[in-house]
Amino acid sequence: MVRNRRQSIVEEIASGDHVVVTPEPPLKPQLSHQVSVCKAKSLIDLSIKSSEWETSDKLYLDPLDGKTSDTIWRKHGQKYNYQTYLSKEAINAIEDEQMDHLLNFATACDINSNALNDLVTESDNILEKLSKLEIKYYQVTSETAEFDQGSKRLLDIQAEEKARYEQMTGYLKHFTKFDFIAKHLNRSGYRLVVSRSDVFRNEILAVLDDAIKFLNEHPNLKDIEIYKSRFRQCMTRSMTLIKNWLVDEIKSRQDQVVSLASKSKKANPELFVFAEFMSYDYDTFRSWVEEIEKRIPEHAEYKGLLWDVNNQFFKTRLKLIRTIPPFTATDDIPVVQKVQELFNYYNRLVIKELDIYLKYFGADADQDQLYHYLRTMLDTLYDTIRGMILKETNISELCQLATLLQKYYEFEGEASPTEVNFGALYKSIVEEVQARLIFRIQLYVDNILMKYQPKAEDLQLGRRRSSSTQAEVNVLDVDFKENLFESLYLPLGKGLTLLTTIYGLINNAVFDDIAHYIVHACIELLNGHFINLATTHLGALDAKLLYLKNLLLLREQVNNFDIRIVHNDYSIDFTSGLTDIWQTLRQGQFSLNNAGLIEMVQKSVPRVVNNMSDANHEIEMELNNAVNDFIKEASNIVSEPIISGRDSSDPKAVNSSYKHALITKVPYVYKQLVVFISDPLVRNYLMTNLTNLLVVTYENYYTYLVGHLTDKSLINDLMEVDTMRGFLTELVNEQYEGNQ
């Protein structure tokens, strides 16, 4: 009977109830002495010599040989997952094997199995604990999330309450200090301004600014208008306190100056007037002025307080400055030098005064109020110069005075607030000088130029002018001595010199008006006594050339002035209506009915006549007339034989005389042109037109003879028109070449 070992490993493998656990590596020999396993009937000694372990070529931990192991792994291992059934013979064979190492392997497997079971049990416990921990984790997480949401709600509520608290605190801070402010402002004196300026600025003015701004930004608060009124009243009281202190400080400076001046009567009052104000602590003064200025944009009514301070300053300064003895210019000097001395003195005062004002009020002060004060301060200067201007009759002196004033009122840009704008101060003087200058020019033109009686020496030109000196002064030189155009007719030269002198000294529109007036007067002067005197002394031809020369120079100078504005001179004509009524009555066209009466009344209404005055146009028209008159006069002189001998019975003699006249008089005319006219283009233009007129005159004469002569053979002795034209052209060309 085969033995059956209890807890046999082979049996367990065969039965399939044991799961093979991979054993650890083979046990060392020394372990065999410590392990003993008890079986059913015997105890197997597991002591094995080391040499046996080392020499054995078998794997003692594996009970199967190599072939059997290969067969099992090949046929059953992979198919049944280690749970295979062995045959009974194989089992018995295995049981019969006395292989103690199998027991050792079984023991190792049990140890491993128990260890793994313990590990599994421990793992299960750990997993169970982890599951519990996970449940608790989710529970804690949920509770934490709820706590977090609750905390957030509380934080939001806290933030809202804090913001509401800060808002309420911000609102209330504007009202909590009201009693403090009112208490200090109700006290009399200037203690806040003088000794507690920091408290006044930082704890009263700054708080009032913030409070008023807050009330303006929150118009929906309860009783807002009441609080606005209270805070505005406090601010007004503060600004008034500052204003009163500033005014008192200015008055104290005035008292100090008066006191010093009374103690030092021999000293110059000007020293105290300026030195006392310059030595004062004007930085503190200006800082309080700035406190009022920076609140004016929001409260325009405070500008009146600043005006009060300015007015007190100006009133005080004006009173002190008038204690200075007035400046007196030198007597025996021209009016221009007197005015220059006055300007030098008062300009120095104005600069000093502006310097003091800027130190007290800064550069942002009201410029209009400042310059109004400066003009008031200069009343003495204005009165003095106004008297000089009204007494001055000499146009040259007035022109020099206007030139002197130009440097004060001509600026390319706006004046700086820190510099004196003398143009604004002297504008009234400039206007008075210009008005006086224009008035004197009009009187000079009307009463002196237009009434001038020319003399024979006035006709002399250039080198031919008489060199003898006159004992008496020319009437034209009394009020205006300058004459820049001595080669012209004296009144004409004076008129152009006037325009040249005042050009740029007066307004452009006024200058253009005066230029039209003077040009018209000059043309009338040339057409009046001048042309008659010239004709008497020089002859008709030279007189017209002299007249033409003066017109050409007049046009040249007027073009330099660039006159653009056309003057319109309106007048009322009372005679034209009466003339129309008289013509209607004479022609019998009047009817006694309503229509006739209405027409008669309409014709009797005076008419407004617009006499447009354009100097350039007037000169051009007069030049055209002068050129035509000269050409006609020269043509009549040269063509006199054929004009007077048109009906002569001897055309040949007339033709000979005419040819002689051409040879002698055409060179003479050109010679006179060279004497009077310096421009060769003008001379050539005149000679060309004269040649054309001479040809036309001869052609008319020739045509007349052809039509009226009975003896046609006489025509053969005359020059043909083309022959005459060629002869005249050659003669004129000779004059051109000879002149060159």
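Visitor: Leaving aside its neighbours within four places in sequence, with which residues is Gln672 in contact?

Guide: This is a predicted model, and in it Gln672 has its place in helix α26, which runs over residues 651-676. Once the neighbours within four places in sequence are left aside, the contacts of Gln672 are with Asp542 and Leu545.

Visitor: Does Gln672 count as buried or exposed?

Guide: The cut-off for the buried class is a relative accessible area under 20%. Gln672 has a relative accessibility of 10%, and therefore it counts as buried.

Visitor: What share of the residues in the protein is buried?

Guide: The protein has 28 helices and two strands, and its accessible surface comes to about 44100 Å², of which 52% belongs to carbon and sulfur atoms. Of the 740 residues in the protein, the buried share is 38%.

Visitor: Which residues is Leu554 in contact with, leaving aside its neighbours within four places in sequence?

Guide: Leu554 is one of the residues that touch the most other members of the largest nonpolar core. With the neighbours within four places in sequence left aside, its contacts are Leu492, Leu496, Val519, Cys522, Ile523 and Ile619.

Visitor: How are α13 and α15 oriented to each other?

Guide: The axes of helix α13 (residues 335-361) and helix α15 (residues 379-391) come within 11 Å and cross at roughly 175 degrees. The contact is made by Val335, Lys338, Val339, Leu342, Phe343 and Tyr346 of α13 together with Thr380, Leu381, Thr384, Ile385 and Met388 of α15, and these residues divide into eight nonpolar, two polar and one charged. Since angles over 145 degrees fall in the antiparallel class, α13 and α15 are therefore roughly antiparallel.

Visitor: How do the residues of the contact of α11 with α12 divide?

Guide: Helix α11 (residues 282-293) and helix α12 (residues 302-321) pack at about 155 degrees with their axes 9 Å apart, which means that α11 is roughly antiparallel to α12. Phe285, Val289, Ile292 and Glu293 in α11 meet Tyr302, Leu306 and Val309 in α12. These residues divide into six nonpolar, no polar and one charged.

Terms used. Residues are numbered from 1 along each chain as its sequence is written. This is a predicted model: local features need pLDDT of at least 70, side-chain atom pairs count only at pLDDT 80 or more; totals for chains, interfaces and linings use all residues. Side-chain values use heavy atoms; hydrogens and water are left out. Axes are lines fitted to C-alpha atoms, for helices over the stretch in contact, and angles run from 0 to 180 degrees between N-to-C directions. Helices (H or I, at least four residues) and strands (E, at least two) are DSSP runs, numbered from the N terminus. Angles under 35 degrees count as roughly parallel, over 145 as roughly antiparallel, 65 to 115 as roughly perpendicular and the rest as oblique. Contact means heavy atoms within 4.5 Å. Ala, Val, Leu, Ile, Met, Phe, Trp, Tyr, Cys and Pro count as nonpolar, Asp, Glu, Lys and Arg as charged, and the others, Gly among them, as polar. Buried means under 20% relative accessible area, exposed over 50%, partly exposed in between (1.4 Å probe, protein chains only). Accessible areas come from the Shrake-Rupley method with a 1.4 Å probe; for residues, only the protein chains shown count as cover. A nonpolar core is a set of buried Ala, Val, Leu, Ile, Met, Phe, Trp, Tyr and Cys residues joined through side-chain atoms within 4.5 Å.
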